[in-house]
Amino acid sequence: MLKFEELEFTYSGHEEPVRALHDLNLEVSKGESLVLIGPSGSGKSTLLLLAAGLLKPSFGKICVRPSVYDETTKSANAWEELTAPRLETALILQDFGLLPWKTVLENAALGLEIRHAKRSARLTTAREALARVGIADFANAFPSELSGGMRQRLALARALALDVDIMLMDEPLSAVDTMLRENLQDLLLQLWQDRGYAQILVTHSIEEAVFLGQRIAIMSARPGTIVSYVNNPLVGDINYRHNEAYFLKCREVREALSLVSSPASPSAPKSAASMLNASETVATNTIDAADATNFVTATNNAFVLDLPMDSEPKTKCHPEVKHG
């Protein structure tokens, strides 16, 4: 489904270049759930941006295999090099990228609106997505009126409203408490099983990695590469957390991580959002504006560069009333 070959990526840095990734090779199968875990600054978020087509490799290449039959190539198995964002990939960042002046329903439908879907069709699809993640009753609320967990559900609904075969998530549950985090992990598991997309999830939580990842890729300190894999065939059981095998697998991942040294310095960008805004990005790896717009059109994430005419902020303020 998605393949990285001899991948290298370097940021220019303020004083000297920072190698984020080095000689990384990885293949993600159709419908597979892969989790990336490793030290801070090991290039996990950079890898997601590369997979989304928002950054271009310094060396090596990224290839994608279409999940449906291609009338042009007369093949469903041909690998194609990824040179720009694609319509079938969604990216969810840590900050969710919600537009505060739009309602919950409008935020959920924004990707379809940018795709110029008819209003009735996009609102119907958005309502279905909101119902799927359990926040349909808040369709007319604004993001400022939602709790952190509900904002996370809205970000998921926005991605679900689009027809994607690859879901990329950068620590999407890092800002919620333990019990809510487990509930949202259950939701992520169910959505992946129902939709059948391939997903790559970045996390620093061993327990989350083991609950959601069929395969867990252990990344080295910067420059990041994959040093080992932990296979996790029991993923998919909602009660896996209560199984002794779950705790044994957590121990296996913890031991694998203990063999990875800490990064030498803290100078590399840490989150996908900060990387897209970082001035450190080397000139040859900057995001082309047209590519970014195409990506937003495809996935509707935080970087809305091609807003429709009615997307200007309204002057009315909405109080920070949060539910649950």
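Q: Which residue in E4 does glutamate 8 stand opposite?
A: This is a predicted model, and a pairing of two of its strands places glutamate 8 opposite a residue of E4. The two strands concerned, E1 and E4, pair in the antiparallel sense over five bridges. Within that pairing, the residue of E4 that stands opposite glutamate 8 is phenylalanine 59.

Q: Which residue in E5 does cysteine 63 stand opposite?
A: E4, which covers residues 59-64, runs antiparallel to E5, and two bridges join these strands. Cysteine 63 stands opposite a residue of E5 in this part of the sheet, and that residue is glutamate 81.

Q: Which residue of E2 is the bridge partner of leucine 2?
A: E1 and E2 form a hairpin with six residues between them, and in the turn glycine 13 has a positive phi of about 75 degrees. In E2, the bridge partner of leucine 2 is valine 28.

Q: Is glutamate 6 buried, partly exposed or exposed?
A: Glutamate 6 lies in strand E1 (residues 2-11), and its phi is near 50 degrees, a positive value in a residue other than glycine. Its relative accessibility is 46%, whereas a buried residue would have under 20% and an exposed residue over 50%. Glutamate 6 therefore counts as partly exposed.

Q: Which residues of E3 point the other way from Ser33, Val35 and Ile37?
A: Strand E3 (residues 33-37) is mostly covered, since five of its five residues are buried. Ser33, Val35 and Ile37 point one way from E3, while the residues that point the other way, also buried, are Leu34 and Leu36.

Q: Which residue in E9 does valine 35 stand opposite?
A: E3 pairs with E8 in the parallel sense over four bridges, and leucine 36 stands opposite valine 202 in E8. Four bridges also join E3 to E9, and these two strands run parallel. The residue of E9 that stands opposite valine 35 is isoleucine 216.

Q: Is H2 parallel, antiparallel, perpendicular or oblique to H3?
A: Helix H2 (residues 104-114) and helix H3 (residues 119-132) pack with their axes 8 Å apart and at an angle of about 125 degrees. Roughly perpendicular covers 65 to 115 degrees, and roughly antiparallel needs an angle over 145. The relation of H2 to H3 is therefore oblique.

Q: How many residues in the contact of H2 with H3 are charged?
A: H2 passes H3 in a right-handed crossing. Val104, Leu105, Ala108, Ala109, Leu112 and Glu113 in H2 meet Arg122, Leu123, Thr125, Ala126, Arg127 and Leu130 in H3. Eight residues of this contact are nonpolar and one is polar, while the number of charged residues is three.

Q: What is the relative accessible area of histidine 116?
A: Histidine 116 is found in the loop between H2 and H3, and it has a positive phi of about 70 degrees although it is not a glycine. Histidine 116 is exposed, with a relative accessible area of 69%.

Q: What is the omega of the cis peptide bond that joins arginine 222 and proline 223?
A: Proline 223 has its place in the loop between strand E9 (215-219) and strand E10 (226-231). The cis peptide bond that joins arginine 222 and proline 223 has an omega of about -5 degrees.

Definitions and conventions. Residues numbered from 1 in each chain as written. Predicted model: local features only at pLDDT ≥ 70, side-chain atom pairs only at ≥ 80, totals over all residues. Heavy atoms only, no water. Axes fitted to C-alpha atoms, helices over the stretch in contact; angles between N-to-C directions. Parallel < 35°, antiparallel > 145°, perpendicular 65-115°, else oblique. Left-handed = near helix turned anticlockwise from the far one by under 90°. Contact = heavy atoms within 4.5 Å. Nonpolar A, V, L, I, M, F, W, Y, C, P; charged D, E, K, R; others polar. Buried < 20%, exposed > 50% of the residue type's maximum accessible area, 1.4 Å probe, protein only. Pairing = 2+ DSSP bridges.
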